[in-house]
Amino acid sequence: AHQVLVEHASSFEKSPGIRLLLHDLGGEGLFTSEGELWKRQRRLISPLFHPSQLSTYVQSMNGEARRALGRWSDGAQVDLLHEMTRIAMGVVGSTLFGANTFNEADELGEALTTLLGWVDGHGAGIALALQISALETMERLRGHLPPQLEALRSRAEAKLNEPIWLSGRSSPKVQQALRTLDGRVLAMIRERRAHPSARKDLLTRLLLVRDSEAGSAASGMSDKQVRDEANTLFIAGHETTATALAWCFYLLARHPEIKARVQAEADAFGPDGPTAADSQALAYTTRVFKEALRLYPPVIILARRTLEPVQIGGVELPTRTVIFVSPYTLHLSPEIWPDPDRFDPDRFLPEREAARHKSAWIPFGVGPRVCIGNYFALLEGPIVLATLMRRARFEIDPSRRIEPETFATLRPAGGVPATVRLV
């Protein structure tokens, strides 16, 4: 895994399957772009997610959790997966788009859920495999045909880089979801172009960033590129954190002694919970969040394809070999993690983290393409947990075993049913 994602990262690209599945939704955003475009976009966006900037997002994280508390009544029956998804969507809606109500985030979130459902339904289908095979055939023929046929081959390759063989792409439900998402995002882009000083959200900052290496006013992003990056951040900014939070509550219900320590950290804050970044005050809660990400990493497979012949683990791999790196497998390996099925937040004590291989824990990936929002998620998870637990207790049947299932991420099958007790 370390050789693929770190040492020989430049010899790999994202799997063409990922690019096809997210073509309409993420376009050429950070998750799917390659080469010089990806390098430029990463250079432009990285400063917005530097740890020094994260304190500006804490109010949104705390505020959305408090908004959820205001919606719940004592004794309410809730699904914590649904509720955490709503909170996480509210956080990303607030920080990215300046959306200030659940309803605004809900409209975008419903469209996004529809589109991710389409993506999930085609991830292991025969149509995707056939299209990838056809695309690779066109790639192999590149430079080996006479000019008149090369033009035809080039057009075929360009067309095969779109998900033309995947069913349901043109269905009214999918197209309406795409129109809803694009309509709202592009309208917000136009509004911010017209009034650049009116808002301070991430979307505005995306529009204002300039490439220092280009050194010209034209070195910002086009509306299409901002749209692709905004959609990518919206996907990555809620789904992974929401599922990790839902798993946290499930795990805490099954381990009351650990839950008591998290509760003590939450109770040490005022009634509003943590309103500023304070890593020491949330040290144990952060370890709990990290351990949940170990046991249930949101993304269970990282797919890469070789750009050139490369040796991995002593095996020679030719060009266009697809490699699957599994965080789920690594995180549950007894060779790396003693007693790997046991829920033990103290695996993430600083000294124990320092002693481990840097690629032993990779819920956000590792290397040049590590998730740009990893620090954001590691701040948001503990803050939401502490804010909610400061004002509410969640009664979850500790004997109920919840199995993981794959959607866009590794979700708890059937959700996490709970009774809310406000305090």
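Buried here means under 20% relative accessible area, and that cut-off comes up in several of the close-ups below. The model is predicted.

**View 1. Trp 247 and Tyr 296, a stacked ring pair.** Trp 247 has a relative accessible area of 0%, so it counts as buried. Tyr 296 comes out at 14%, which makes this residue buried too, given the cut-off of 20%. The two ring centres sit 3.6 Å apart with the planes at 5°, so the pair is stacked. This pair links distant parts of the chain: Trp 247 belongs to helix H12 (residues 223-254), Tyr 296 to the loop between H14 and E3, and 49 residues separate them.

View 2. Phe 49 counts as buried because its relative accessibility is 8%, and Phe 376 counts as buried at 6%.

**View 3. A cluster of rings.** Trp 337, Phe 348, Trp 361 and Phe 364 are linked into a cluster by ring pairs.

**View 4. The open sheet, E1-E3-E6.** Three strands make up this open sheet, and the pairing is antiparallel. Strand E1 (12-14) and strand E6 (322-325) are the edge strands, each pairing on one side only. From one strand to the next, the twist averages 40°. Strand E3 (residues 302-306) is joined to E6 by four bridges, and Arg 304 stands opposite Ile 323 in E6.

View 5. Lys 290 counts as buried because its relative accessibility is 15%, whereas Glu 353, at 27%, is partly exposed.

View 6. Glu 191 and Arg 192 meet through their side chains at 3.0 Å, N to O. Arg 192 is buried, with a relative accessible area of 2%, while Glu 191 counts as partly exposed at 28%. The other bridge joins Glu 162 and Lys 159, with the closest N and O atoms 3.9 Å apart. Glu 162 is partly exposed at 25%, and so is Lys 159 at 44%.

**View 7. A salt-bridge network.** Salt bridges link Glu 13, Arg 19, Glu 136, Glu 139, Arg 140, Arg 305 and Arg 320 in a network.

**View 8. A nonpolar patch on the surface.** Ile 126, Leu 130, Ile 164 and Trp 165 make a nonpolar surface patch of about 410 Å². Ile 126 lies in helix H8 (residues 126-140) and counts as exposed because its relative accessibility is 64%.

**View 9. Asp 278 in its loop.** Asp 278 is found in the loop between helix H13 (256-267) and helix H14 (283-295). This residue counts as partly exposed, given a relative accessibility of 39%. Ala 187 is 91 residues away from Asp 278 in sequence and 36 Å away in space, C-alpha to C-alpha.

Notes. Residues numbered from 1 in each chain as written. Predicted model: local features only at pLDDT ≥ 70, side-chain atom pairs only at ≥ 80, totals over all residues. Heavy atoms only, no water. Pairing = 2+ DSSP bridges. Helix = DSSP H or I, 4+ residues; strand = E, 2+ residues; numbered from the N terminus. Axes fitted to C-alpha atoms, helices over the stretch in contact; angles between N-to-C directions. Patch = residues over 30% accessible without salt bridge, like charges linked within 9 Å, V, L, I, M, F, W, Y side chains within 5 Å. Areas by Shrake-Rupley, 256 points an atom, 1.4 Å probe, with all protein chains shown as cover. Salt bridge = Lys/Arg side-chain N within 4 Å of Asp/Glu carboxyl O. Buried < 20%, exposed > 50% of the residue type's maximum accessible area, 1.4 Å probe, protein only. Phe/Tyr/Trp six-rings, centres within 6.5 Å; stacked < 30°, edge-to-face > 60°.
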